[in-house]
Amino acid sequence: MEKVILTGANGFIGRQTLVSLLERNYEVHAVSNTEPTADLIFENVIWHQANLLEKSEVEKLCRKIKATHLLHFAWYVEHGKFWNAPENKNWLDASIYLTEKFKLNGGKRIVIAGTCAEYEWGKDEILSEENTPLKSQNFYGECKLELQKSIADLEVSQAWGRIFFLFGEYEHPNRLISSVINSLLKNDAAECSHGGQIRDFMYVGDVADAFAALLDSNIQGAVNIGSGKPHTIKEIVLKTANILNRSEKVLFGKIPSPENEPKSIVADTNRLRNELNWREKHGVSKGLERTINYWKNYESNN
């Protein structure tokens with residue numbers, strides 16, 4: 001049985017990835033800086049509490065596990081702050097060190113979560129791994145892109161998943177879809193921008209499964225992790241509101257949009273669909289229903 005180190009294992013994407021990795025017969029070594037909750041305890045998942053910003057803890061972890069695979073999600077992702085936070089540089093340095101120690105201890109394949117923010121937004125309506133220029137307009141994207149460049153010469157199999165716009169259970173309550181759901185569950189108005197922006201949304205459970213499939217493949221280089229389907233924000237918000245039968249509570253044009261905001265950010269999914277031969281298990285509609293049910297249960301239990 002091959003061993004995988006999964007960082008950020010109790011995070012938004014990481015926690016969803018556990019089952020997908022187990023289905024692919026990995027022994028999962030889940031790494032977090034906090035103890036796992038009861039719902040994340042599975043057979044063949046071994047939890048390790050470690051601070052990945054501490055070199056001594058990273059060295060000890062890699063030496064102890066001697067994993068064959070590394071799936072790296074851990075990063076600074078504080079909502080509203082992470083785009084240009086100085087912590088991004090700390091995670092860039094820590095991630096380079098982690099990959100080096102992983103390889104030193106026998107590691108064979110690395111897959112890391114990148115971001116669509118590595119691309120030059122506004123250049124192309126459909127963002128392609130092969131053709132769209134790489135030119136991030138925020139520090140988060142810059143550091144992710146620098147990480148990919150820094151480990152490119154590491155003599156180990158590696159792939160890079162560029163995530164587009166995701167949503168789902170355990171998302172920060174102030175992010176778009178969760179904030180709309182929570183407002184409507186309270187029967188409050190859900191204030192939004194004009195909603196004409198075209199974006200590529202994917203349910204977090206599908207994102208997690210795509211990463212597990214990517215790890216389990218031999219594909220090299222960048223792969224867009226998105227649906228490839230253009231939706232306006234207005235479409236997604238109204239679809240959410242219609243499930244809750246509260247579309248009249250949605251107020252568009254109440255929140256200003258950033259200047260020079262790109263009209264379209266949508267993934268070219270040719271590599272994901274045709275090379276990896278991967279398909280979504282849930283899709284947007286089922287993902288929205290699962291997210292709504294999560295917040296309903298959250299509200300009733302708190």
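This is a predicted model: local features need pLDDT of at least 70, side-chain atom pairs count only at pLDDT 80 or more; totals for chains, interfaces and linings use all residues.
1. Ground rules. Residues are numbered from 1 along each chain as its sequence is written, and side-chain values use heavy atoms, with hydrogens and water left out.

2. The sheet. Seven strands form an open sheet in the order β3-β2-β1-β4-β5-β7-β12, with parallel pairing. Its edges are β3 (45–49) and β12 (221–225), each of which pairs on one side only. Direction ignored, neighbouring strands are turned by 20 degrees against each other on average. Strands here are DSSP E runs of at least two residues, helices are H or I runs of at least four, and both are numbered from the N terminus. Two strands count as paired if DSSP finds at least two bridges between them.

3. Strand β2 (residues 27–32) pairs with β3 in the parallel sense over five bridges.

4. Strand β5 and its neighbours. On one side, β5 runs parallel to β4 (residues 69–72), and four bridges join the two; histidine 69 has arginine 109 as its bridge partner in β5. There is also parallel pairing with β7 (residues 157–163), over seven bridges, where glycine 114 stands opposite arginine 162.

5. The crossover. β4, helix α3 (residues 87–104) and β5 make a right-handed β-α-β unit. The handedness call means that, with the strands pointing away from the viewer, the path from the first strand over the helix to the second runs clockwise. Helix α3 lies across β1, β4 and β5 and runs at about 170 degrees to β4; axes are lines fitted to C-alpha atoms, for helices over the stretch in contact, with angles from 0 to 180 degrees between N-to-C directions.

6. Helix α3 itself. The 18 residues should span 26 Å at 1.5 Å a residue, and the end C-alpha atoms are 26 Å apart, which agrees; the expected span is 1.5 Å times one less than the number of residues. Its buried residues include Trp91, Leu92, Ile96, Tyr97, Leu98 and Phe102, but also Asn88 and Lys101. Among the elements covering the buried residues are β1 (3–7), α2 (55–65) and α4 (139–151), where contact means heavy atoms within 4.5 Å. After the helix comes glycine 106, with a positive phi near 95 degrees.

7. Glutamine 197. Which side chains does glutamine 197 meet in polar contacts? Serine 257 is joined to glutamine 197 at 3.4 Å, and glutamate 261 at 3.1 Å. A polar contact is a pair of N or O atoms within 3.5 Å; within protein, one must be able to donate a hydrogen and the other to accept it, and residues adjacent in sequence count only if both atoms are side-chain atoms. Glutamine 197 sits in the loop between β9 (190–191) and β10 (198–199) and counts as buried because its relative accessible area is 4%.

8. Asparagine 138. This residue is in the loop between β6 (126–127) and α4, and at 10% relative accessible area it is buried. A polar atom of its side chain lies 2.8 Å from the backbone nitrogen of glycine 141. Leaving aside neighbours within four places in sequence, asparagine 138 is in contact with Trp83, Asn84 and Ala117.

9. Two partly exposed residues. Lysine 249, in the loop between α7 (233–243) and β14 (250–251), counts as partly exposed at 25% relative accessibility. Not counting residues up to four places away in sequence, lysine 249 touches Leu184, Asn187, Asp188, Ala189 and Ala190. Arginine 63, in helix α2, is partly exposed with a relative accessible area of 45%.

Definitions and conventions:
Buried means under 20% relative accessible area, exposed over 50%, partly exposed in between (1.4 Å probe, protein chains only).
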